[in-house]
Each structure stands twice: as structure tokens, then as C-alpha cells.
Amino acid sequence: MIQIFQLYVFILAGFIGFIIIQRVPPLLHTPLMSATNAISGISLVGAIVAAGGQYGRLSTVLGFLAVVCAATNVVAGFLITDRMLAMFKGKPGAPGAKK
Amino acid sequence: MIVLPMLQEVAQATTAMSTRDLIIQLSYLIASILFILGLRSLTRPNDARLGMQQAAGGMLFAVIGTLLNSNIITYQWIVIGLVVGAAIGYPMAMRIPMTAMPQFIAFSHAFGAMAATLVGIVEYRAAWVPDAAGAVAGLSGGRAAALGFEVLFGALTVTGSLMAFGKLQELITGRPITFKGQNAVNLTLIAVAFGSFAMLIIHPDSAVAFYMMVGLALFLGISMVLPIGGGDMPVVVSLLNSYAGLAASATGFAIGNNVLIIAGALEGASGFILSLLMSKAMNRSFANVIFGAFGSAPASTGAKSGEAREAKTITPEDAAVQLAYASSVVIIPGYGMAVAQAQHTVRELMELINKKGGEVKFAIHPVAGRMPGHLNVILSEAGIDYGALLTDVDDANRVLQTADVAMVIGANDIVNPDAEEDKSSPLFGMPIFRPWTAKTVFVIKRGKGTGFSGVENPLFFRDNTLMLYGDAKGVIGSLIKEIKALDEGH
């Protein structure tokens, strides 16, 4: 039963993704890729539980490595996206570029 | 009768939901909403930055919520892990040059997918750890399927992304690496992986099947990306983006976490759409992108034209005169411009031509650079206003028809007339720019070799095409010097 609910959530979220992402202009496709990459760092949530749970030493080590990887993904992903988007501030057609 | 225990289970679950669980779920809900709004903000360049900052805030909500989870007993490793991850991620993100964006994203995917894979392994192991009473929880077929899916896509993405990273960073040759019977090997690997997957669903306790899947998927990631040329890497990166999302979603199914399912689904959809758009821009069917590229070993097309043809060259002095008196210039940049770090010099040239009364536009092909939108980022970094960018191929071709000078900088395949004229060309059918419709074409090129895809370009031998060989930054620098010298001379 719970799996069916999960499937609902998955499919509906997928639809929202399709609808939104189709409207992202080609101008921002590279930031989009890096943004979704950052969001996929959400595995961090699973990693935290794995690292903090009591499932034996090996599991804790693997969980710890998972936290490191996911945290790297999240931090690097969001920062680089922000760095890129910071450069896109100019209004279209406005004369005189910044800097 | 079967329904009854299930309902009881649900009822128990709801009554057992404490305030703590409510807070956790609420944090996940907020995170999901902020993720969706963040992606939506990317539809408008001016709101994008704020939107993505909010999405990062959403991530923070999700992490804080998770820390409240009652299954967490020790925080020590979590905190150390977060600190180490941030210490690796921060310098990585701040130092990476914009030109290296595609391989950076591939690299980052490997990290995310690695996390998903490890979580899958921990979850699988945890299911067989006896609790205080000595009972083993075990796995249902459904959860085993979710975990299997997670490690399959996760592990495949890890090695696949690292391969893509290696190819883009040119640690590995960009040429397709093929061997005899490659398809048979890949198909066998896939078949055995799916066999193990089926085995796992029927017998969730078969650890051999589970770890075999992990191993096979790691191997598949390598063997699937090996035969793909560097030119197709962006499609691979985007597809792996989608896989990483699916792995995250599968994690969500396995541990019953909606925010993972939602974020994974968003990413899965995004990677899928971008792969579609890219394959369309490269004139490849989607099936060809998913399977074709992995199988077909491209024949070396560069070698076929053995006839010695010489392209005409022009000196920077002569080119400078034409640029100085042009009223309309269209610059077609490719990845070569970014590699040479010529974007700032290009902006200088643009400003100089503008001052002389000429108009400069940039024609950006959807697949120019190494991923869609890559050159937009690089030109924006140089401070070129995005009003000067023509991102639509048809628009750009219309402007090119009336242009005095079309200047191709480090681009090759996207201006190859074979795409329209030679049915046997691997590029045939790809929408391209037509610089030869302008009065004069300058091509700035590092050397006489073929492009990234290894295909000969007849544009270089057209009557109105003049070559400027050399490093893009150096050539444009001397063009600027010559244009300035013109002023002083008169």
C-alpha cells in the first residue's frame, strides 16, 4: 500500500519536473544541469541515517563515506550553481555590460 | 483477510507518528516545495539566483529534519562527514573554471551516485542485522527491488560519470574506444545484471545477487561510456544526471522518504529532457542516443578525404581592416574559444568593433561548447550581455545572411556544410549555422586537424573562407592590436 503512495508521489513529481524543465530557456541549461545535480545531493538525507544508525561498524564506515560524498555533492553543486547564476544578472538587451 | 493486517499496520503507523516525526515530515515538505520553486526560477534568468538559493535553504531544512530521526544514535560520524564533505566541496566549487563545467558536473554526479550506492548497501546490510530481541527484519520483495534499482543505477552512474569526467578532462582519449564483441559483452553484462535483479526480488536474502549487481553495474558504467566519443559526452553526462536522479528516487522508495522520491524524480525528468533536447540538436534519435551511441563504433570518417586541399589564409592585418569597416559581424564561438580562454579578448574585440560603428552578435549553437548553454555561461563570465547572443539557429542564420563578416572561433562541427549537403556524413541532418552566407568568413583555428568529432570540414575550403591559424586568444589579440593601429595610422 505504502509503495503505491510512493509511486503516486514519484509520478506526480516527475510530471511537475517535465512541465517546469521544458520551460527553462537554453540560456540556462548548464545552470539547470548543475542545479539538478545539487538537488540530487538529497541522498545526504539517506546517508545521515545510515551513518548515525547502529547497524555494525562496516555500515557506519560506509554511511560515513556516503555522508562525505553527498555533502560534497550538495556544497559544490549549490555553490557552483550560484557562481554561474550570479553572472546572468544583466537584463536582456541592456547596453553596456557589467565589469 | 489480507487487507486487514495491512490496515492495522497503517493505523499503527499513524498513531505512532509523534511530534518529532511530524516536524521531520514538515521539513521534507518544505524542502520539496523549495526544490520545485528553485527549478521553476530557472525559467527566468533574473530570478534564478534567488530561487536556487532558496532551494539550497530547502536542502538545509531537509538535513536538519533528518537529524531529528529517532534511528540516529551517534552524531559524531555525521558531523565529521558533513565537515569533510563541505571542506572538499567548497574549494572545488570556488576554484573550478567555467570552461571545466561539464566535467565538474560529471565529477559531482559521481559523488552523489556514490552516496546513493553506499546508502543502498548499508540499508541492505541493516535489514539482516538482528534487533535486541534477536529477530531479523528482512526485506520484502518490493524493498529489495527498490534497493536493487538504487545500487544498479547508482553504481552505473559512479563509474560512468568518472569515465565521462576522464574523457572531458582528457585524462582518457576522447576517441571512442572499441573492441571486437563489445556489444555482446555489454548485452551479456546487462542480461546478468537483470538476472541478478530478478533473483533479488524473488529471494531478497541472496546477498550474492545483490553484490553481484553492484559489481556488474560498476563495470557497465565503464563499458558503456568507453565506446562513446568525447563529442557525445554531454549527452552521456545529461543521461547520467537522469540516472543519478532515479537512484535517489529508488533510495526514497527503499527507506520510505518522500523528499528523496520527489527530488530524484525532478532530476530524472530534467536529465531526460535535456538528453532529448541535445539529441535533437545533434540530429540523433533518442534511441540512438541511449543505445546507438553505446553500440555503434563510428567509422573513422576523418581519414577518407585523402586529397590534399589547401585552405586560404589571411593575415591579421588584412582581417583587421575588414573587421574595422564591417557594419555587421557575427561571431560563432565554439569550445575552442573557451579552451583558449579567449572570451575576455573576444569581448574587447566586440567593444572595439562597436566603437567603430559595427554591430556584433554571437551565434550560440545549442550544442556549442561541451554541454547545452555552456558557452552562454562562458560569455556571460566575460561580461558579454546576453542580449547580444543569438541562441536560435534559424534566427542566427537570418542574421548571417546580411552580415559582412562571420567569424568562427574554435568551432567546427556546428558550421560544417556536410550536415546539409553530404548524406554520408555522420553530421548529416544536424541543424547548423551557415557562416558562408555572410560576405566573408574568418575561421580562427588552432591547427589544421579535424574537430572533436573527427570529421573533415569543407567550410574551410569555400571561396569566401579565410583561415587564421593560431591560438584563439593570440589571434584575436593581434586583431585588436591591428585595428587599433589602423586608427593611429590614419
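## The parallel sheet of chain B

In this predicted model, strand β3 (residues 389-390) of chain B runs parallel to β2(B), and two bridges join the pair. Within this pairing, B:F362 stands opposite B:L389, while B:A363 stands opposite B:L390, also in β3(B).

One of the residue pairs concerned is B:V329 with B:V360, the latter being the bridge partner in β2(B). Strand β2 (residues 359-363) of chain B is largely enclosed by the rest of the structure, because four of its five residues are buried. The sheet as a whole is open and is formed by six strands of chain B in the order β3-β2-β1-β4-β5-β6, with parallel pairing. Its edge strands are β3 and β6 (465-469) of chain B, each of which pairs on one side only. In general, the strands of a sheet pair through backbone hydrogen bonds, either parallel or antiparallel.

## Overall organisation of chain B

Chain B contains 18 helices and six strands, and buried residues account for 51% of its 490 residues. When contacts in chain B between residues at least 6 apart in sequence are considered, 79% of them join residues at least 24 apart.

The chain is divided into domain 1 (19-93), domain 2 (101-297) and domain 3 (316-489). For domain 2 of chain B and domain 3 of chain B, the C-alpha centres lie 38 Å apart.

Which span does helix α6 (residues 141-168) of chain B reach, from its first C-alpha to its last? With 28 residues, α6(B) reaches 40 Å, which is close to the 40 Å expected at 1.5 Å a residue. The helix is mostly covered, in that 25 of its 28 residues are buried. After α6(B) comes B:E170, whose phi is positive, and this residue is found in the loop between α6 and α7 (182-202) of chain B. The phi of B:E170 is about 60 degrees although the residue is not a glycine. Is B:E170 buried or exposed? It counts as exposed, because it has 10 C-beta neighbours inside 10 Å.

The loop between α6 and α7 of chain B also holds B:I172, which counts as partly exposed because it has 17 C-beta neighbours inside 10 Å. If its neighbours within four places in sequence are left aside, B:I172 is in contact with B:G166 and B:K167. The C-alpha atom of B:I172 is separated by 39 Å from that of B:E482, a residue 310 places away along the chain.

## A positive phi at B:Q341

B:Q341 has a positive phi of about 55 degrees, although it is not a glycine. Its place is in the loop between α13 (335-339) and α14 (343-355) of chain B. B:Q341 counts as partly exposed, because 16 C-beta neighbours lie inside 10 Å.

## The contact between chains A and B

Where the two chains meet, 82 residues of chain A are in contact with 102 residues of chain B. On the side of chain A that touches chain B, the helices α1 (2-22), α2 (29-39), α3 (43-52) and α4 (57-86) of chain A each supply at least two residues. The largest share of this side, 27 residues, comes from α4(A). By class, the side of chain A that touches chain B has 50 nonpolar, 27 polar and five charged residues.

Terms used:
Residues numbered from 1 in each chain as written. Chains lettered and ligands numbered in written order. Predicted model: local features only at pLDDT ≥ 70, side-chain atom pairs only at ≥ 80, totals over all residues. Buried ≥ 20, exposed ≤ 12 C-beta atoms within 10 Å, placed from the backbone. Contact = placed C-beta atoms within 7 Å. Domains from an automatic or database assignment. Expected span 1.5 Å × (residues − 1). Nonpolar A, V, L, I, M, F, W, Y, C, P; charged D, E, K, R; others polar. Pairing = 2+ DSSP bridges.
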